[in-house]
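Have the 3D view open and follow along.

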Amino acid sequence: MSLAPPALPVVQLRVPTDEDAVAWHRVFDDPEVMEFFGGTSDELSMYEEWTARQRRHDAELGYCLWTVLDGDGEVLGFTGAQPWPHDAYGPVGETEIGWRLARRAWGRGYATAAARLTLERLRAAGVERVVATIDARNERSIAVAGRLGMDRAESFTTPRAGQEAWCFRLELNR
């Protein structure tokens with residue numbers, strides 16, 4: 001007798017609104033959530049600029065880092081894709097998929113559900129492949145990449161002192 005994996009939760013993705021900058025700031029103001037991103041949340045102004053940039057990406061590319069909502073419409077964080085934002089290191093020129101969720105959403109399937117929905121949208125937008133760059137110590141995100149069928153490729157050191165990142169890749173036209 002085989003057991004089916006548990007059903008993933010219902011999630012919705014939307015292009016970030018001005019109000020989502022405040023919501024992202026709030027849910028990411030948690031040292032555990034930010035452990036692999038410097039340990040602290042950025043100032044609200046950075047989230048305002050970031051959500052505005054995502055609206056531009058959506059308008060120009062057909063994808064972005066979308067706000068993730070649970071079944072009740074509560075903001076959980078983001079998932080989506082954007083052009084790799086650095087030109088000095090990492091997978092320069094690639095489309096990066098990523099996710100960051102509030103601590104209360106961890107371990108419940110939200111990241112996987114939202115990332116799978118992201119992959120569907122990226123295929124529809126004509127994106128051929130994605131990468132995910134993940135801190136080598138971030139076991140939860142590495143597990144999500146595995147559930148998405150991503151293969152570990154190269155490693156690199158980020159500008160953050162001693163931080164090793166692993167790059168995962170996925171061809172979307174398979």
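This is a predicted model: local features need pLDDT of at least 70, side-chain atom pairs count only at pLDDT 80 or more; totals for chains, interfaces and linings use all residues.

Of the 174 residues, 47% count as buried.

Now for the fold itself. There are 4 helices and 7 strands in the chain. Reading from the N terminus, the order is β-α-α-β-β-β-α-β-α-β-β. The radius of gyration comes out at 15 Å, close to the 16 Å that the globule rule gives for 174 residues, so the chain is as compact as a globular protein of that length. If you'd rather think in boxes, the C-alpha atoms fill one of roughly 50 × 40 × 35 Å along the principal axes. As for how the sequence folds back on itself, take the contacts between residues at least 6 apart in sequence: 62% of them join residues at least 24 apart.

On to the rings. How many aromatic pairs does a search of the whole structure find? The count is 8. Take Trp24 and Phe78, whose ring centres are 5.0 Å apart with the planes at 45°; since planes under 30 degrees apart would count as stacked and those over 60 as edge-to-face, the pair is tilted. This pair links distant parts of the chain: Trp24 sits in helix H1 (residues 18-27) and Phe78 in strand S3 (residues 75-83), 54 residues apart. Trp24 and Phe78 are both buried.

Tyr47 and Trp50 make another tilted pair, with 6.0 Å centre to centre and 45° between the planes. This one is local: both residues lie in helix H2 (residues 44-61), 3 residues apart, or about one turn of the helix. Tyr47 and Trp50 are buried too.

Here are the two pairs side by side:

| Pair | Centre distance | Plane angle | Geometry |
|---|---|---|---|
| Trp24 and Phe78 | 5.0 Å | 45° | tilted |
| Tyr47 and Trp50 | 6.0 Å | 45° | tilted |

So which residues do ring pairs link into a cluster? They are Trp24, Phe28, Tyr47, Trp50 and Phe78. That puts the H1–S3 pair and the H2 pair in one cluster, together with Phe28.

Notes
Residues are numbered from 1 along each chain as its sequence is written. Side-chain values use heavy atoms; hydrogens and water are left out. Helices (H or I, at least four residues) and strands (E, at least two) are DSSP runs, numbered from the N terminus. The radius of gyration is taken over C-alpha atoms; the globule rule is 2.2 Å times the number of residues to the power 0.38. Buried means under 20% relative accessible area, exposed over 50%, partly exposed in between (1.4 Å probe, protein chains only). Contact means heavy atoms within 4.5 Å. Rings of Phe, Tyr and Trp (its six-membered ring) pair if their centres lie within 6.5 Å; planes under 30 degrees apart count as stacked, over 60 as edge-to-face and the rest as tilted.
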